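Thanks, everyone. Let me put the model up, and then I'll walk through a hairpin, a nonpolar core and some salt bridges.

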Amino acid sequence: VRELLLQNGLALEERDFFKEPFSEGEIRELARAVGIAQLFARRSPSLKSLGLADQELSDAEMVALMLREPRLIRRPLVRIGGRLLVGANLKAVAAAL
């Protein structure tokens, strides 16, 4: 995905959110575009290791879990203009360009 963006002349702002975690406000701001459930990595091994893989979770619970365990945020997050692509693959990014 990174290479496709660079090939199309887009400037990148990259963030390693394991080293620089998102705040609750940032997660909620990202979620305004797509919803909390779209940001949440429901198939993450981290969720399974917490014993929560089969549980229904509220938005507040998902936010709290993403704050505690950044691996529960779907990656990559790609913002192109005002659009946020979550878990973006090459086809989705190419279509957004």
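**The hairpin**

Start with strand S1, residues 77-80, where the side chains alternate. Buried means under 20% relative accessible area, exposed means over 50%, and partly exposed is in between, with a 1.4 Å probe and protein chains only. Strands here are DSSP E runs of at least two residues; helices are H or I runs of at least four, and both are numbered from the N terminus.

A word on the source: this is a predicted model, where local features need pLDDT of at least 70 and side-chain atom pairs count only at pLDDT 80 or more, while totals for chains, interfaces and linings use all residues. Residues are numbered from 1 along each chain as its sequence is written, and side-chain values use heavy atoms, with hydrogens and water left out.

Back to S1. Its partner is S2, residues 83-86, antiparallel over 4 bridges; pairing takes at least two DSSP bridges. Leu77 stands opposite Val86 in S2. The two strands form a hairpin with 2 residues between them. Gly81, in the turn, has a positive phi of about 65 degrees.

**The core**

Next, the largest nonpolar core: 19 residues. The rule takes buried Ala, Val, Leu, Ile, Met, Phe, Trp, Tyr and Cys residues joined through side-chain atoms within 4.5 Å. Ile27, Leu39, Phe40, Leu47, Leu65 and Met66 have the most contacts inside this core. Which elements give two or more residues to this core? They are H2, H3 (36-39), H5 (59-68) and S2. H5 gives the most, with 4 residues.

Look at Phe40. Contact means heavy atoms within 4.5 Å. Leaving aside neighbours within four places in sequence, Phe40 touches Leu47, Leu57, Met62, Leu65, Met66, Leu72 and Arg74.

**The salt bridges**

The count is 5. The rule is a Lys or Arg side-chain nitrogen within 4 Å of an Asp or Glu carboxyl oxygen. Arg15 meets Glu20 at 3.8 Å, N to O, and Glu26 at 3.0 Å. Arg15 lies in the loop between H1 (2-7) and H2 (24-34), and Glu26 in H2, so this pair ties together parts 11 residues apart in sequence. Glu26 is partly exposed, at 31%. Shared partners join Arg15, Glu20 and Glu26 into one network.

Another salt bridge links Arg71 and Glu69, at 3.2 Å. Arg71 is partly exposed, at 44% relative accessible area.
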